[in-house]
Amino acid sequence: MTDPITVSVVMHRFTATVQEMGEAMLRTAYSQILNSSRDFSTAITDHQARLVAQAEHVPIHVGSMPWAVEAVADFFGDRVRPGDVYLLNDPYHGGNHLPDLTALVPVFHGDRLLFWSINRSHQSDIGGSTHGAYNPAATEIWQEGVRITPLKLYDAGELRDDVMAMVATNVRHSDDFLGDLRAMIGSARVGERRLHQLIDEYGVDTILASIEDILDSAEAEARACIREWQDGTYVGEAVLDDDGQGTEDVHVRARVTVDDDALHVDLTDSHPQVSGFINSSYPNMMSAVYMALSFLIEPHTPKNSGTFRVVDVTAKEGTVVWAKAPAPVTLATNHCAQEISEAIIKAMVQACPERVIAGWGRRFRIAIKGTDPRTDKQFIWHLFHARPGGGASLAGDGWETAGEGQAMGSSKFGSIEVAENRFPLFFEHHEFRPDSFGDGRYRGGAGTVLRLKMETTAAAVANTAGDGVRHPSYGIAGGHDGLPHRYRLLADGEERVLRTKEVDIEVPAGATFLIESAGGGGYGSPGQRDAEARAEDLRNGFVSAAAPSTTHSEGA
């Protein structure tokens with residue numbers, strides 16, 4: 001056996017490495033979606049594509065990374081060499097969705113492949129027939145952007161500049177894209193250097209033995225947690241508003257069996273795949289299942305391939321959770337990934353009520369393309385402000401404006417002042433939305449009210465991608481639902497309600513977006529809420545009336 005102290009040191013070195021990779025990315029990326037909103041993740045797998053360590057970035061990114069490693073390894077085989085860098089984004093070849101570009105650096109000791117250092121980052125644009133990497137009008141994946149199957153960008157340390165030019169030519173704003181891509185590669189190279197240092201200090205045999213102990217220990221911790229839950233089979237359902245192509249109330253159903261120290265998740269009864277872009281790829285579906293498991297087990301348990309051994313999944317190809325090519329899938333990292341997780345969590349309310357969480361707000365994004373009159377240059381801006389509220393749990397109230405369930409607060413909204421400096425925008429106000437949360441013993445987090453004025457002199461164009469206007473954040477264990485989203489565009493004295501999945505929205509010069517984002521769901525009966533907590537909510541302006549429990553319906 002490896003000395004347990006050594007194993008602990010090695011584990012924390014892996015963790016420190018992926019964290020440092022993230023810091024390098026944050027400080028070198030060009031696009032605001034990365035250097036402000038942090039829509040990226042870093043991870044290390046071993047040569048067997050087992051997830052060894054991940055930083056606490058975007059949960060939905062990381063669980064699918066082993067499939068990306070497998071896709072590269074299967075395609076290139078023994079052609080993988082030191083100094084190589086690989087790219088991938090295709091969801092039918094190991095990716096989540098096209099905007100999430102993955103850079104993979106193999107880490108060798110001599111001629112022996114030991115690790116993969118990985119950065120997965122959401123691109124501001126990935127080509128396709130509309131700006132901003134989301135196309136609500138897409139009915140097939142080719143309309144969503146450039147598809148990158150396993151591709152070698154650096155060959156034994158030499159840049160394939162023809163490949164780099166081809167990829168950059170197929171996206172809008174190629175200068176920003178190239179800057180972000182170089183930041184991704186630099187981030188993965190940081191991981192490579194730190195892994196070499198670790199190997200030099202401890203030796204290959206000790207490191208590899210430590211990995212076995214790290215994975216086995218994480219599995220044991222996860223099984224010990226599940227063993228405390230009530231055995232049985234439980235069913236949960238989450239419902240999406242629509243697919244943007246006319247299909248409404250798209251359901252995801254999870255049948256979860258707790259059997260001693262293991263879980264089985266059956267998603268076969270989910271809605272057939274649809275025309276719109278809410279379908280999920282297989283890796284994205286698996287990542288959503290792992291995400292739900294991670295939310296339910298002990299927070300300190302490492303989230304790696306050992307942890308994920310405790311759950312197996314049954315699903316049916318051709319359903320919304322596992323679509324057949326060439327179905328569009330770009331929204332799936334948000335929706336239906338969040339709904340897969342929600343369905344599992346709802347199912348578990350009877351098995352482990354002390355661990356479930358109420359619904360977090362759903363993503364409702366706007367991407368705006370226009371011309372900045374200050375520079376006469378074109379821009380693409382992604383709305384990461386006006387975050388919805390987080391869901392409550394037995395641990396307490398949900399976090400205010402925390403974001404969406406598939407990110408769990410890891411995707412930030414950046415500085416308002418920086419956004420106003422970089423883009424022709426004026427934030428008239430950006431504040432908590434009173435009465436938006438679901439009531440309960442513990443209330444959900446408040447959403448946001450944002451008035452955003454366009455300081456353009458010519459019309460811009462926008463598209464939306466999201467959910468949560470018809471189906472709000474769910475309450476749980478007797479808690480109430482939160483309020484849903486309400487987005488509007490004010491221009492020329494008229495008000496236009498924005499749908500969650502639209503393309504080619506004309507945004508006149510000087511128009512204002514009035515955005516009211518969803519609140520989180522409540523946990524437990526409202527009658528159990530502490531009177532002082534209610535008084536504090538009133539003092540803080542989170543409620544505009546003394547009895548908010550009468551305004552929201554009871555949840556799951």
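These exercises work through the cavities and pockets of a predicted model. Local features need pLDDT of at least 70, side-chain atom pairs count only at pLDDT 80 or more, and totals for chains, interfaces and linings use all residues. Residues are numbered from 1 along each chain as its sequence is written, and side-chain values use heavy atoms, without hydrogens and water.

**Exercise 1.** Count the cavities of 30 Å³ or more and describe the largest.

Step 1. On a 1 Å grid over the protein atoms alone, a cavity is a set of points where a 1.4 Å probe fits but cannot get out. Grid points join across faces, edges and corners; a volume is the space filled by probe spheres set on the points.

Step 2. Count. There are six cavities of 30 Å³ or more.

Step 3. Size the largest cavity. Its volume is about 160 Å³.

Step 4. Read its lining (residues with an atom within 4 Å of a point). It has 20 residues, with D39, H122, Y134, N334 and Q406 nearest the centre.

**Exercise 2.** Describe the largest pocket and name the element that gives the largest share of its lining.

Step 1. A pocket is an open set with protein on both sides within 12 Å along at least five of seven lines.

Step 2. The largest pocket holds about 1300 Å³. Its lining has 48 residues; E56, S294, F295, P299 and K303 lie nearest its centre.

Step 3. Elements are DSSP runs numbered from the N terminus: helices (H or I, at least four residues) and strands (E, at least two). α8 gives the largest share, six residues.
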